[in-house]
Structure formats: C-alpha cells, structure tokens
Amino acid sequence: MNDSITLRRPDDWHLHLRDGAMLAAVAPHSAGFGRAIIMPNLVPPVVTGAQAAAYRDRVLAALPEGSALDPQMTLYLTDGTDPADVVAAHRAGIIRAVKLYPAGATTNSASGVTDFDRVRPVLEAMADAGIPLCVHGEVTDPDVDIFDREAVFIDRVLDPLRRRTPRLRVVMEHVTTSEGVAYARSGGDDLGATITTHHLVINRNAILAGGIRPHYYCLPVAKRESHRQALREAATSGEARFFLGTDSAPHADSAKLQPCGCAGCFTAPNTMSILAHVFEEQGALDRLEGFASLNGAAFYGLPPNEARIRLIRRDQPVQYPRTIAAGDETVTLFEPGHPLYWHLEDA
Ligand code: NCD
Ligand code: ZN
C-alpha cells in the first residue's frame with residue numbers, strides 16, 4: 001500500500017468564504033489550495049464587476065502571509081445582470097465565471113434567476129466570450145420532492161438551456177445523483193461537474209437516522225447510498241469532466257442549530273485528508289491528483305499549479321478541532337465519522 005503520495009497543489013472549484021469575521025476565520029483554512037472559485041452569495045450578493053473586485057481585495061486581506069490561494073471571483077446572476085458588465089469584468093481579469101442560482105434554491109439565493117428568458121442575453125454574451133456558467137442545479141418548485149430536485153432541474157432547465165445556448169461552457173456544481181453524473185457524461189468538453197467532499201462521504205441516513213444531525217444538512221441534500229456510490233465512481237473514474245469543488249460552506253453554529261437551520265458543511269480544513277481516505281477506499285489514490293489538481297484547471301483553461309503537496313499515511317490520526325472560532329461564534333467542522341490517517345504537508 002502507498003503510504004505517501006505527492007500531488008500538484010489542489011484547487012477548489014466551489015468555495016464559500018463569506019465576509020467580515022467569518023471570512024477572517026475561514027479563509028486561512030483554504031490557504032493551502034491554489035485556485036478557488038469564490039461563490040458570490042453574500043448578503044447582498046456580488047452582482048457587479050466592481051463588487052467582485054472589492055470582495056477579492058477583502059479575501060486577499062484575510063489570507064495569511066505566504067498563502068497559496070488565488071481567489072477566482074464570480075458574479076451572481078440575477079434577472080437584471082448587465083451582459084456588458086459581465087464581459088468587461090471577465091476581460092479585466094476580475095471574474096472567472098458566473099453563478100446561476102434558481103431563486104430560492106439555497107442559502108442567500110433570494111436574488112437568483114426567476115425567469116431564464118430574461119438572462120438569455122447574458123448567457124449569449126458569456127458563450128461568445130468563453131465565460132463558464134456555474135449552475136446550482138435544483139428546481140425550487142415546492143411540488144417537487146427535495147430528493148428529486150436535481151434530476152428534475154436537468155430535464156426542465158439545464159438541458160433546454162444548453163440546447164438554446166449550445167456554445168456555453170457549463171459547470172454542474174455539486175452533483176449529488178446518478179442522474180447528475182450521467183448527464184455530465186452526456187456532454188462534451190463544454191460540460192464539467194464538481195463533486196464535493198462531503199457527498200462522497202455521507203448519504204441521507206447521516207442527516208436523519210438515529211436523530212437529526214444539522215451539521216450534515218447541506219444543499220443539494222445528500223441522497224440515498226446508490227447515489228453516493230455513483231459519485232465515488234465518477235470522482236475516481238479519472239474522467240476529466242469531474243473535479244473537486246468542496247462547497248465548503250461555513251455557518252455559525254447558532255444559525256445551524258435552530259428549528260429551521262441553514263444548509264452547508266464546513267469541509268475546508270480536513271478536505272484533503274478525507275479525499276485521500278475516500279480515494280484509498282476506492283483503490284484509486286493514483287487518480288486523486290486528476291480529480292483535485294488537474295481536471296478543474298484544464299476545464300477552466302488554466303495550467304496546473306507548479307507547487308506540490310504531500311499526503312502521508314500515519315498510524316496516528318490527524319488531529320483537528322471540532323469547532324473553530326469566528327468572531328463571537330463557533331463553526332463546526334465536517335466530521336466524516338471515522339478517524340483520518342492521511343496527513344497533509346507541503347512537498
Ligand atoms: C451553501 C451556502 O451556505 O452558501 N450551502 C450549501 O448547503 N451548500 C449554498 C450552496 O452552495 O447551495
Ligand atoms: Zn455552494
């Protein structure tokens with residue numbers, strides 16, 4: 001068995017860093033990644049190039065000295081997004097992509113798209129300029145069961161949208177179902193899919209069996225075991241279309257531990273140890289570098305990171321705190337439910 005592997009420095013193609021005291025607390029935990037797509041669902045959301053530039057400055061200021069993280073900013077697509085602003089922000093190097101949230105789909109998505117016809121000019125301009133659209137793929141129709149919302153979104157929204165704007169580059173964010181995996185495979189190199197750390201580890205039992213566990217509640221919600229197996233198979237397949245987007249989404253414990261608690265798992269601190277564990281279980285440690293360090297960069301047209309990291313398997317488990325402090329609040333780390341033995345080091 002391998003007891004040490006060296007990888008190109010990984011990238012995180014889906015990350016929530018928040019703002020203010022929470023940003024200061026969580027950003028250092030992503031400082032070992034290379035590039036990260038920074039999600040724009042602040043309150044209020046990041047909707048203009050000028051706002052993205054200002055947010056980027058705040059992210060950089062929150063990173064420790066010597067941090068590797070190169071934040072790749074995104075704009076939050078709304079019914080009122082100006083195509084010219086998107087193209088100008090991209091041309092100026094301020095943004096890497098645009099994020100589509102169906103209105104009401106998830107945390108802070110109230111400003112999301114309500115009418116896909118209204119955003120068509122933006123999508124056309126993005127297709128022309130080669131700007132990827134990162135899609136939160138869930139319908140918000142209350143009549144659709146929450147466990148079916150990804151599959152229904154693909155049929156009702158994503159596939160029609162891609163047919164109408166065929167040159168648009170699309171990332172299916174945080175796929176959670178075998179249907180999502182299959183649809184990602186139906187595309188060409190214009191279609192990618194991120195897979196989170198936590199969806200490789202938990203199925204829906206983790207949230208609901210033996211008591212309700214708010215720290216495992218995220219969106220899209222974890223599905224049944226067969227879907228988790230489909231995600232593991234996809235992530236470890238070596239296919240270039242699948243890459244890491246942790247969707248690390250920190251929330252104050254005071255906001256999660258409520259009668260109506262918010263969605264999100266905070267995985268930034270222990271993601272690489274968890275992924276090494278998962279890939280080892282799948283007999284695919286040699287494919288971790290593709291998933292975490294190569295495929296996403298290639299999709300976004302960027303070179304792989306030059307620096308390397310090393311993961312070393314030790315007898316002693318990795319020590320990590322149960323919570324971190326964020327201002328006056330605490331944030332609970334994602335707990336995979338078993339010890340982690342793969343220790344992360346700079347190579
Ligand atoms: C994310 C958040 O908290 O911002 N929550 C989550 O459960 N993943 C929003 C999102 O990406 O859906
Ligand atoms: Zn997210």
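A residue counts as near a molecule or strand if one of its heavy atoms lies within 4 Å of it. This is a predicted model in which local features need pLDDT of at least 70, side-chain atom pairs count only at pLDDT 80 or more, and totals for chains, interfaces and linings use all residues. Residues are numbered from 1 along each chain as its sequence is written, chains are lettered from A and ligands numbered from 1 in the order in which they are written, and side-chain values use heavy atoms, with hydrogens and water left out.

**View 1. Surroundings of ligand 1.**
Ligand 1 is surrounded by 15 residues, and the closest are N41, T106, L219, D247 and H251. Polar contacts are pairs of N or O atoms within 3.5 Å; within protein, one must be able to donate a hydrogen and the other to accept it, and residues adjacent in sequence count only if both atoms are side-chain atoms. A nitrogen atom of ligand 1 lies 2.7 Å from a polar side-chain atom of D247. On the backbone side, a polar atom of L219 is 2.7 Å from an oxygen atom of the ligand. The side chain of H16 has an N or O atom 3.1 Å from an oxygen atom of ligand 1. Of the 310 Å² of accessible area that ligand 1 has on its own, the protein covers 100%. Such areas come from the Shrake-Rupley method with a 1.4 Å probe; for residues, only the protein chains shown count as cover.

**View 2. Site of the zinc ion (ligand 2).**
Donors are N, O and S atoms within 2.8 Å of the metal (3.2 Å for Na, K and Ca); water is not among the atoms, so sites may look incomplete. H14 (NE2), H16 (NE2) and D247 (OD) coordinate the zinc ion at 2.0 Å. The angles among the four donor atoms of the zinc ion run from 90 to 141°, and the site is irregular. Four donors count as tetrahedral if all angles lie between 85 and 135 degrees; four count as square planar and six as octahedral if opposite donors are over 155 degrees apart and all others between 65 and 115; anything else is irregular. The spacing of the zinc donor residues in sequence is H-x1-H-x230-D. Distant parts of the chain are linked here: H16 is in the loop between β2 (12-15) and α1 (20-26), and D247, 231 residues apart from it, is in the loop between β9 (242-244) and α10 (253-256). Helices (H or I, at least four residues) and strands (E, at least two) are DSSP runs, numbered from the N terminus.

Buried means under 20% relative accessible area, exposed over 50%, and partly exposed in between (1.4 Å probe, protein chains only). H14, found in strand β2, is buried at 1% relative accessibility. H16 is buried at 7%, and D247 is buried at 6%. The side chains of H14 and H16 are joined by a polar contact of 3.2 Å.

With a disulfide taken as a pair of cysteine sulfur atoms within 2.5 Å, the count comes to zero. C218 is in no disulfide, and the nearest cysteine sulfur, that of C265, is 4.4 Å away. C218 is buried, at 1% relative accessibility. The sulfur of C260 is too far for a bond because the closest cysteine sulfur, in C262, is 8.5 Å away. C260 is exposed, at 71% relative accessibility.

Most residues other than glycine have a negative phi, and most peptide bonds are trans. The bond from V43 to P44 is cis, with omega near -5°, and P44 lies in the loop between β3 (35-38) and α2 (49-62). From L219 to P220 the peptide bond is also cis, with omega near -10°; P220 sits in the loop between α8 (205-208) and α9 (225-235). R18, in the loop between β2 and α1, has a positive phi near 65° and is buried at 12% relative accessibility. H174 is not a glycine, yet its phi is positive, about 35°. The loop holding H174 runs between β7 (170-172) and α6 (178-186), and H174 is buried at 2%.
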